[in-house]
Amino acid sequence: MESKRNKFKIRKVAIENDEWKAQALSVYENLLFVEPASKHPHAYFAAYKGRQMAGHSIVLHSDGRWILDGLRVKPEHREQGIGKALTEARIRYAVSKGAKEIWYCCADDNLVTICCHVRFGFKKICPAHHECSPKTAHWYKLNITTQ
Ligand SMILES: CC(C)(COP(=O)(O)OP(=O)(O)OC[C@H]1O[C@@H](n2cnc3c(N)ncnc32)[C@H](O)[C@@H]1OP(=O)(O)O)[C@@H](O)C(=O)NCCC(=O)NCCS
């Protein structure tokens, strides 16, 4: 997927090698998101400006659920549509793998990420066996409907 206006490309990470790890580290500053995700079936999607990684994100399959995680865009590349494009790419990937629902979790005060996801149809939901209060992060779910 390519955005001509802002000149970034979204690609699924093909090889999880040292070069990818160093670039992902430049986005996150640590790899706290990446390491737990790698224990599950997963895919990483990254945004590139030229050869430089401008943003990174994760989609993983855990306990029967497809989950979006680890969305981060480098501060100097924000508000150019990269967060939305990474979210769209991961939703399409999960759907291509047969996802019937897709989940993500974030704190109520993270208004920017709510901007990136709620537009796709995610709805706030408290999953069974999960205690939800204003202090906790909240789960959002997107139901996939076939036409
Ligand atoms: C959240 C984040 C990924 C958004 O990335 P981005 O590339 O700047 O997002 P986009 O340019 O695709 O913008 C998506 C929407 O959010 C809005 N938005 C983005 N930054 C915003 C800001 N600072 N204030 C208000 N709205 C903002 C955009 O206007 C856009 O909505 P629109 O299309 O209606 O105009 C980025 O800010 C980030 O990395 N934040 C830190 C990490 C984080 O919070 N990750 C999520 C953890 S759950």
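Analyst: The ligand is surrounded by 16 residues, the closest being Arg 78, Ile 82, Gly 83, Lys 84 and Cys 115, where a residue is near a molecule if its C-beta atom, placed from the backbone, lies within 6 Å of it. This is a predicted model, in which local features need pLDDT of at least 70, side-chain atom pairs count only at pLDDT 80 or more, and totals for chains, interfaces and linings use all residues. Residues are numbered from 1 along each chain as its sequence is written.

User: Which element gives the most to the shell around the ligand?
Analyst: Helices (H or I, at least four residues) and strands (E, at least two) are DSSP runs, numbered from the N terminus. Two or more shell residues come from each of strand 5 (65-73), helix 3 (82-96) and helix 4 (111-118). The most, four residues, come from helix 4.

User: Is Asp 63 buried or exposed?
Analyst: Asp 63 sits in the loop between strand 4 and strand 5. A residue is buried with 20 or more other C-beta atoms within 10 Å of its own, exposed with 12 or fewer, and partly exposed in between, with C-beta atoms placed from the backbone. Because Asp 63 has 6 C-beta neighbours inside 10 Å, Asp 63 counts as exposed.
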